[in-house]
Structures are given as C-alpha cells and as structure tokens.
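Look at the model below, and keep the sequence beside it.

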Amino acid sequence: VNKIDPELASFSFHDTIDREYTGFGGRVGILAHAGDNVTLGLTAVLPMNLEIDERFRQETVAVFDDGEEERDADEGSILFDLERPFEFGGGIAVKLLEKRLTLAGDVQFTDWTQTEYSRPPAEDITADNFERFYDRVLQIRAGAEYRIPEIETSVRLGYFRDPIPFKGKTIDNDRDFFTIGIGKVFDQVIKVDVAYMRGSWKQSDNSLSEKQTSNRVLLSVAYRY
C-alpha cells in the first residue's frame, strides 16, 4: 500500500476477447444385434479442425483526485487453427421384461494431449501446451428406460460422468450428471421428450477453488412418417 499513488482516485483494467470458431466434424459408427435383446455399438469421432479468429482489446483507465483521466489501450487480432483429436466409444443395450425395460451403458475415450495448435495463440502458450496441462479421460454413461405401451409413454433415468481433463488441479468432485425424463408419442407420429439434468463439480488450484452446479431442461419434438 505504500507504493500506491496518493493522488490516484481509481484504476480499472478492461480485457475483452471475441472469438469466432469455424469448423467441420463427423462421427462414424457401427451397430450390431447380438440376438433379439442385446445391441452393441462402436463409434469414432473424427478429428475436427477449428479455425479461430480472435480479436482482443485491453484498456486501462486511471482517474486522479483532480479529475484528470488517463487511458491506455492495446488491441489486435490473431488467426490460428486448433485440431481436436480422435474420440472412440463403445456401448451395449439390453432389453428385458418383454422388451419394456432397456438398460444401456457406454464409454468414450478422448486423449486431449493430442490436441494441437497450428500456432500458439499467445506468448505464454507453447506448442506442447496440451501435452503439459491436459490429460486422457474416459466418459461413462448409463441409463434405463421403461416403456408403457398402453399409453405410449417412456420414463427414463440416466447418469453421466464427464471427467475434467486438466492436470495440476485438485479435483474435489468430478463432473457428475443425473437425468430424469419422460417421452410420449401422440397419434403414433409426434414424439415429445422432456428431461431434467442436474450436475455439479468442484476443483481447486493453489488458493483458488471453483465450484459449479448445472441445471438444464431439455426438450425435443420429432415427427415420424
């Protein structure tokens, strides 16, 4: 505090970043029926190349006791590519109780260390940034659906674990999501699905702790012909 200018009334710093992402991706898969009640599946998410157009502006504003104001600004732009890695997944679904009950589960593996920049987007970011700070993760999903054919309605429960892929952080609570939903078919052509998903996670890095809670309502409508 001894080094603060006694004539300085206020000081503010504004850092604005605007990014535009452009890219294409794809997913391929294969589905196999192992009997009437068991289905197996394999998927692969193809590498996605994202072009990122970033514009930034940094501005400092100092106001002194006599009302004088000093501003200093720096702005610019950078264009770079980011290539996301392959992702591989596999799953199984089993039908029980005369095919009214479906139990399903799948896993998806992603090696985020294989992500690459065409050029580092900042001076403090190196070409091996993802190898140093990111990790390999395995997503896990499990769910159950019970179909009530008399009223053409399905009720569902689900669980999803999406691990945080960062190294060097203490993960107090990984990203776990729970879902409950219902689906209804009207006149055998219109299908409406509604679901509620809640999840939370907590991570810390030295003296900084971050806790987040997510609540989502998902709605979809399909017309079958």
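What follows begins with the sheet and then turns to the aromatic side chains.

This is a predicted model. Nine strands form an open sheet, in the order β2-β3-β6-β7-β9-β10-β11-β12-β13, with antiparallel pairing. At its edges are β2 (27-33) and β13 (208-223), each of which pairs on one side only. From one strand to the next the twist averages 10°. Val-28 stands opposite Ala-44 in β3.

Now consider the rings. A pair of aromatic rings is described by the distance of the centres and the angle of the planes. The whole structure holds nine aromatic pairs. In one of them, Phe-80 and Tyr-117 have ring centres 5.8 Å apart and planes at 70°, so this pair is edge-to-face. Phe-80 lies in strand β5 (residues 69-83) and Tyr-117 in strand β8 (residues 116-117), 37 residues apart. Phe-80 is buried at 4% relative accessibility, whereas Tyr-117 is partly exposed at 22%.

Another pair, Tyr-159 and Phe-178, is tilted, with 5.2 Å centre to centre and 45° between the planes. Tyr-159 belongs to strand β10 (residues 153-162) and Phe-178 to strand β11 (residues 170-186), so the pair ties together parts 19 residues apart in sequence. Tyr-159 is partly exposed, at 26% relative accessible area, while Phe-178 is exposed at 52% relative accessibility.

Phe-80 and Tyr-117 also belong to one aromatic cluster with Phe-130, Tyr-134 and Phe-166. Elsewhere, charged side chains lie over rings: Arg-175 over the face of Trp-201, at 5.9 Å from the ring centre, and Lys-184 over the face of Phe-186, at 5.7 Å from the ring centre.

How values were computed:
Residues numbered from 1 in each chain as written. Predicted model: local features only at pLDDT ≥ 70, side-chain atom pairs only at ≥ 80, totals over all residues. Heavy atoms only, no water. Pairing = 2+ DSSP bridges. Helix = DSSP H or I, 4+ residues; strand = E, 2+ residues; numbered from the N terminus. Axes fitted to C-alpha atoms, helices over the stretch in contact; angles between N-to-C directions. Phe/Tyr/Trp six-rings, centres within 6.5 Å; stacked < 30°, edge-to-face > 60°. Buried < 20%, exposed > 50% of the residue type's maximum accessible area, 1.4 Å probe, protein only. Lys NZ or Arg CZ within 6 Å of the ring centre and 35° of its normal.
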